[in-house]
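Visitor: I would like to learn how to read the features of a structure, with a case for each one. Where shall we begin?

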Amino acid sequence: MLLEREVEIEYRPRMQESLQDKVTGVADSLRQQTPACPRCAQPMKRHDTETVSWTARFGCFHAPVDRYRCPACKDECRPLLDHLGVEPGRISGSLARLLALLAVVVPYPLAARLAWLLLGVKVSTSGIWNVVQRLGESVARYSEGLSQYHADSRSEGASTQEAPPAVVLSVDGSMLGMQVRQQRRRRTGSEPLPPLPPVQEGQFHEVKTGVLLLPGERVETSPGRHSVVRRFLVSCLGNADDVFRHLYAQLRELGWLGPHTVVVIIGDGAEWIWNRATMFVRRCEILDFWHALEHAWGVARLLYGEESKQAGRWVHRIAEDLRAGRVLEVIARLERMRPRTPELREKLQGLIAYYSEHAGRMRYDEYLRLGYGIGSGAVESAHKQVVHARFRQAGMRWSEAGARRLLALRLLLLNDNWALLDRVPMLSLA
């Protein structure tokens, strides 16, 4: 351990010096080029030059930065900073991506402490927040652009020569506490910021998450316990149309949507899921098995009591019949019941109507035979990993933009696509 630290201490200044030389070389090269205005394409004129510093993994760097201005449009640019992906007094692109990686796993204050412990870089909590906003906005725009591209019928997706015969799509929603305030909090002197106002009803947004997986890639990790080899997650704030657009784009990007591919949609019975499932011509709609039993438990508790073993046996019989594909027999048996109280009658009629409406989505014996699965456990697990583990910790409240940007980055990590950050720019949000 001591030897490793000695080598790091010895060579860190050399690495900083070498990187500074490369930065200086890039600055000298760009100084000999005159940029064109992105708006009118006319040559821009050098307006002034100032020395700018920024923080990288090996220390603080500086370089003389030329600022150019278009005489006609009055637009300005700093070619060196654009080329290096930094802003004055900010953080370099390489370090920013490491800091963003910490921030998608732990809260911003803890990410700042980990940056010092793991990287030896001192950075403020606001500095961590800033790089997440810049990189997250870039990734969110990239994802939106990808969805718009695949929404065009003339666009080309990945090759579908090896498209699977079936792909499972499961989607659900989860609530997220949002910041609702008339004005920003202001610090007075050295006093801490005042607390956020309490969350009231209506101050929540729904995060919709979708999961894509292949039925043939489920493996039995232990007796009765199955896991998937790979899955792809899609998430967005509150808009059902958006999450299905992103799911469709991801299917085309993966090459999983061939002319003969059956899209298996597993949902909890919400109408917004089934209404948008029609975008897939070849599809199989499945009502989540456990949601179907949840409705049966509501009747059983009224019929036999909250903790009654007889209620458990009654639901177990329904579960066995549903799993065997005998949903019509279950409905007929329920219709023969004679409830004794108005409350039980209303609950029973609701269960009958629910099963009757979704009977075409409850052929569980056939779904199991085809290997599609009958539960939405994959998307329930995704909620916990995407949203709960990072966004729903104690006291957390989010702005719409902040949640959207961090969601975009967290999906990159969970989808094993973090390398995409090397291909997108660090956007300036000033």
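Predicted model: local features only at pLDDT ≥ 70, side-chain atom pairs only at ≥ 80, totals over all residues.

Visitor: Where does Gly 375 lie, and which residues is Gly 375 in contact with?
Guide: Helices (H or I, at least four residues) and strands (E, at least two) are DSSP runs numbered from the N terminus. Gly 375 sits in the loop between helix H12 (364–370) and H13. Contact means heavy atoms within 4.5 Å. Setting aside neighbours within four places in sequence, Gly 375 contacts Ile 266, Asp 288 and Trp 290. Trp 290 is 85 residues from Gly 375 in sequence, yet the C-alpha to C-alpha distance is 6.5 Å.

Visitor: How many residues of helix H3 are buried?
Guide: Eight of the 11 residues of H3 (residues 93–103) are buried, so the helix is largely enclosed by the rest of the structure. They are Gly 93, Leu 95, Ala 96, Arg 97, Leu 99, Ala 100, Leu 102 and Ala 103. These buried residues pack against E1, helix H2 (79–84), helix H4 (108–119), helix H5 (125–151), helix H13 (377–391) and helix H14 (400–414).

Visitor: Is Leu 98 buried, partly exposed or exposed?
Guide: Leu 98, which lies in H3, is partly exposed because its relative accessibility is 28%. Apart from neighbours within four places in sequence, Leu 98 is in contact with Arg 57 and Leu 119. Val 131 is 33 residues from Leu 98 in sequence and 9.8 Å from it in space, C-alpha to C-alpha.

Visitor: At roughly what angle do the axes of H3 and H4 cross?
Guide: Two packed helices are described by the angle between their axes and the distance between the axes. Axes are lines fitted to C-alpha atoms, for helices over the stretch in contact, and angles run from 0 to 180 degrees between N-to-C directions. The axes of H3 and H4 cross at roughly 125 degrees and come within 9 Å. H3 is therefore oblique to H4; angles under 35 degrees count as roughly parallel, over 145 as roughly antiparallel, 65 to 115 as roughly perpendicular and the rest as oblique. On the H3 side the contact involves Leu 95, Leu 98, Leu 99, Leu 102 and Ala 103; on the H4 side, Tyr 108, Ala 111, Leu 114, Ala 115, Leu 118 and Leu 119.

Visitor: How do the axes of H5 and H14 cross?
Guide: Their axes come within 8 Å and cross at roughly 70 degrees, which means that H5 is roughly perpendicular to H14. Residues making the contact include Val 132, Leu 135 and Gly 136 of H5 and Ala 401, Leu 406 and Leu 409 of H14.

Visitor: Which residues touch the most other members of the largest nonpolar core?
Guide: In soluble globular proteins, nonpolar side chains tend to be buried together. A nonpolar core is a set of buried Ala, Val, Leu, Ile, Met, Phe, Trp, Tyr and Cys residues joined through side-chain atoms within 4.5 Å. The largest has 84 residues, of which Leu 322, Tyr 355, Tyr 364 and Leu 409 touch the most other members. H14 gives the most to this core, with seven residues. A second, separate core has 21 residues, among them Cys 236, Leu 247, Ile 265 and Trp 272.

Visitor: In what order do the strands of the sheet come?
Guide: Two strands pair if DSSP finds at least two bridges between them. Here three strands form an open sheet in the order E1-E2-E3, with antiparallel pairing. The edge strands, E1 and E3 (76–77), each pair on one side only. Strands E1 (residues 45–56) and E2 (residues 59–69) pair over 11 bridges, and a hairpin of two residues joins them. Glu 50 stands opposite Val 65 in E2. E2 and E3 are joined by two bridges, and Arg 69 has Glu 76 in E3 as its bridge partner.

Visitor: Where does Lys 74 lie?
Guide: Lys 74 is in the loop between E2 and E3. Its phi is near 65 degrees, a positive value in a residue other than glycine. Lys 74 has a relative accessible area of 57% and so is exposed.

Key
Residues numbered from 1 in each chain as written. Heavy atoms only, no water. Buried < 20%, exposed > 50% of the residue type's maximum accessible area, 1.4 Å probe, protein only.
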